[in-house]
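Here are my notes on the model, point by point. Please read them with the structure open.

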Amino acid sequence: MLKDVLIWLEGTPLAMMMSHGPFGFPALEMIHVTATTFVFGMIAIIDLRLLGLASRGSAVSDLYRDVIPLTWVAFVVAAISGGLLFTTQAVAYSMNFAFRMKFAALALIALNMLAFRLFVYPGIAKWDRAAKLPLAARLAGAISLAGWIAVVSCARWIAYLMI
Amino acid sequence: MAELAAWLTSLPVGQALRRLNWLAPWLQIIHILANGMILSAVVMIDMRIWGISRSQASVTMARRFQPWIWGALGLLTVSGILLMLYTPRRALSDLAFQVKMTTMGFAIAATIALAWALRSGSRAADGNPDRHPLTTLLATATLVLWVGVTLAGRGRWFVLMMNRIMS
């Protein structure tokens, strides 16, 4: 049944326009890669701070306030452009190992972020300006950074593994 | 350009790389990650200059993030050169690559100019480089140019547009 849905998705006018039109896919790919690159860079600033490897003179909350809103905007752009790209070869992408791993990494990042916000961030007043943060914060930073490197890596490998 | 491409193709390092096909995706990954670091460092500096972020002075922000720009640029350059050596003829004749390199040249110049403007402005009478129009202009130009470099890196769309315009 899923395969039927994916085949239907590939046949929609929007998907056809993007996959067969002269500019749809390349333009979307350009936007998607740029947005994802930007998300990685911005998140890395927070993650490296959490790990105590950079920006140790800055409060975590200050960096969070500066970085997160823009990161969300870029993420939404990446998600929309990525969704549109997916429709052009939905069946092939769904069977692509690197594509599946990319989404597994994104799921891990989402869970990590949720856990950080719910259980670690509320205690920020105690360690906001500390050079070395609590283990839970450092772990969240490490998982996030590794997760986003995995997302970028898997995304690059998708093209090499397309059937 | 053809002679340069032929010479680059003949280099031992290029020949060695072409025997290691599996390395190309990893070099591309490093290239993309370095690009991301440059973009984010530029944005952090620019947000302070534009007044969106007020956590630290512009000069302090620049002093903190500019080393990231130069470090990431080093990674970008090394990985970019190695990637180019895989297929020098195709890379050098690619319009998008030429646009990317030109844009990167301007981006580096703008980044250096912004660093100079911030240092000069901090020694000025009012000690506040943020308000100087030149600093704001250079901050904007730097971001636009580095985003341009990123876009040109996936420049198939751009090449298609140019071919359509010229045909």
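1. A contact here means two C-beta atoms, placed from the backbone, within 7 Å. In chain B, 80% of the contacts between residues at least 6 apart in sequence join residues at least 24 apart.

2. A word on provenance and numbering. This is a predicted model, in which local features need pLDDT of at least 70 and side-chain atom pairs count only at pLDDT 80 or more, while totals for chains, interfaces and linings use all residues. Residues are numbered from 1 along each chain as its sequence is written, and chains are lettered from A and ligands numbered from 1 in the order in which they are written.

3. Chain A has seven helices and zero strands. Helices (H or I, at least four residues) and strands (E, at least two) are DSSP runs, numbered from the N terminus. The C-alpha trace of chain A spans about 55 × 30 × 25 Å along its principal axes. Of its 163 residues, 36% are buried. Buried means 20 or more other C-beta atoms within 10 Å of the residue's own; exposed means 12 or fewer, and partly exposed lies in between, with C-beta atoms placed from the backbone.

4. Chain B comes to eight helices and zero strands. Buried residues make up 38% of the 167 residues in chain B.

5. Now the contact between the chains. On the chain A side, 26 residues are in contact with 23 residues of chain B. Helices α3, α4 and α7 of chain A each supply at least two residues to that side. The most come from α3(A), with 13 residues. By class, the chain A side has 16 nonpolar, six polar and four charged residues. Nonpolar covers Ala, Val, Leu, Ile, Met, Phe, Trp, Tyr, Cys and Pro; charged covers Asp, Glu, Lys and Arg; the others, Gly among them, are polar.

6. The largest nonpolar core holds 72 residues. Such a core is a set of buried Ala, Val, Leu, Ile, Met, Phe, Trp, Tyr and Cys residues joined through C-beta atoms within 7 Å. I38(B), A41(B), V42(B) and I45(B) touch the most other members. Two or more residues come from each of α3 (24-50), α4 (60-88), α6 (97-120) and α7 (135-161) of chain A, and from each of α3 (23-49), α4 (58-86), α6 (95-122) and α7 (133-153) of chain B. Leaving aside neighbours within four places in sequence, A41(B) is in contact with F65(B), W68(B) and I69(B).

7. Look next at α3(B). The helix has 27 residues and reaches 40 Å from its first C-alpha to its last, close to the 39 Å expected at 1.5 Å a residue. That expected span is 1.5 Å times one less than the number of residues. Of the 27 residues of α3(B), 22 are buried, so the helix is largely enclosed by the rest of the structure. Just after α3(B), G51(B) takes a positive phi of about 85°.

8. How do α2(B) and α4(B) pack, and at what angle? Helix α2 (residues 12-19) of chain B meets α4(B) at about 80°, with the axes 8 Å apart. Axes are lines fitted to C-alpha atoms, for helices over the stretch in contact, and angles run from 0 to 180 degrees between N-to-C directions. The two helices are therefore roughly perpendicular to each other. Angles of 65 to 115 degrees carry that label; under 35 is roughly parallel, over 145 roughly antiparallel, and the rest oblique. V13(B), G14(B), L17(B) and R18(B) in α2(B) meet L82(B), L85(B) and Y86(B) in α4(B). These contact residues divide into five nonpolar, one polar and one charged.

9. Two residues of α7(B) deserve a look. L143(B) lies in this helix and is buried, with 20 other C-beta atoms within 10 Å. Not counting residues up to four places away in sequence, L143(B) touches V42(B), V43(B) and D46(B). G153(B) also lies in α7 of chain B and counts as buried, with 23 C-beta neighbours inside 10 Å. Leaving aside neighbours within four places in sequence, G153(B) is in contact with N35(B) and K100(B).

10. Finally, check S55(A). Its phi is near 55°, a positive value in a residue other than glycine. S55(A) sits in the loop between α3 and α4 of chain A. With 20 C-beta neighbours inside 10 Å, S55(A) counts as buried.
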